[in-house]
Amino acid sequence: MGRRRSAPLNRLFAWVRRQSMKVKIFLAVTAVVAALVALKLCVKDHSHFFVASEAIHFAGILVLIYKLTTQKTCSGLSLKTQELTAIFLAARLCCSLFMEGDIHTVLDCLTLVSTLWVIYMIRFKLKSTYIPELDNMPLYYVVVPSAIAAILIHPYTHHARVGRILWAFAAYLESISVLPQLRMMQNTKMIEPFTAHYVFALGVARFLGCAHWIIQVYDSAGQYLFLVGAGYIWIPMILLAEIVQTFILADFCYYYVKRLQFYFCKKQIQWPNS
């Protein structure tokens, strides 16, 4: 029964693999546009995209917690990405407590606590299974540019300037916080399934966040990009940050979906050589 149900999906994957790169790119763009149109038609309140994005991120962290507690190993998991995640979540939570105080605050708090638990497990309980030589991207490569960009470009609202800079810093840092994890995957040439699920969840979360901004710009015929009172550069910059992270994760998500059909018969996902 299971093989019969998966047969159409296998045929679809096989057909896609036989196509040229141009056709694959066209199919990918078509799928993205179709997803954006479906989201626009089905979801009336676009703020729900952010709620869904944060919830999916939290779900991804829960996948890591399950991996750490059941397999008793953190191999293939980047400590630096988790530390960067904790930094931007802490910065965003500080702002959210004073600016919002809603469901976003609750989700950020849950995700931060879970991330700190993951960091504790990697640093202390499962330290013997962590390979720092493979997790070799310096944190300042990511933190310093994000901090400089936040000081120069941040929203202009009635809130305190420090809070606005922190909010921008969290947004910029979030957009590139996954780089150490992707670098570690390339160094190991192997992706464990639970780590792959976590990164894929980040990709879906970022797509939903990016969809919010794209649909807002579309609905306003581009005027949302230069919203008065938000700073003329801030909204284009945050849209660019969302797009950058989406593209950073797009390549991984492509190979993740491509190899999904082999997941149940292999314990690990091989990182592509090309």
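Cys 95 counts as buried because its relative accessibility is 3%, buried meaning under 20% relative accessible area with a 1.4 Å probe and protein chains only. The model is predicted, so that local features need pLDDT of at least 70 and side-chain atom pairs count only at pLDDT 80 or more, while totals for chains, interfaces and linings use all residues. Residues are numbered from 1 along each chain as its sequence is written, and side-chain values use heavy atoms, with hydrogens and water left out.

Cys 95 has its place in helix α4; helices are DSSP runs of H or I with at least four residues, numbered from the N terminus. Although Cys 95 and Gly 163 are 68 residues apart along the chain, 5.7 Å separates their C-alpha atoms.

Helix α4 spans residues 79–99 and also holds Glu 83. Glu 83 counts as buried because its relative accessibility is 14%. The Glu 83 side chain makes a polar contact with that of Arg 123, at 2.5 Å; such a contact is a pair of N or O atoms within 3.5 Å, where, within protein, one must be able to donate a hydrogen and the other to accept it, and residues adjacent in sequence count only if both atoms are side-chain atoms. Leaving aside residues up to four places away in sequence, Glu 83 touches Ile 119, Arg 123 and Leu 139, contact meaning heavy atoms within 4.5 Å.

Ile 119 and Arg 123 of helix α5 are among the residues that meet α4, whose own contributors include Glu 83, Ala 86, Leu 89 and Leu 93. The residues of this contact of α4 with α5 divide into 12 nonpolar, 7 polar and 4 charged. Helix α5 covers residues 103–125, and its axis comes within 9 Å of that of α4, the two crossing at roughly 150°. That angle makes α4 roughly antiparallel to α5, a term for angles over 145 degrees. The crossing of α4 and α5 is left-handed.

Helix α8 runs over residues 179–188, and its buried residues include Pro 180, Gln 181, Leu 182, Met 184 and Met 185. Just after α8, Lys 189 takes a positive phi of about 60°.

Note on methods:
Buried < 20%, exposed > 50% of the residue type's maximum accessible area, 1.4 Å probe, protein only. Axes fitted to C-alpha atoms, helices over the stretch in contact; angles between N-to-C directions. Parallel < 35°, antiparallel > 145°, perpendicular 65-115°, else oblique. Left-handed = near helix turned anticlockwise from the far one by under 90°. Nonpolar A, V, L, I, M, F, W, Y, C, P; charged D, E, K, R; others polar.
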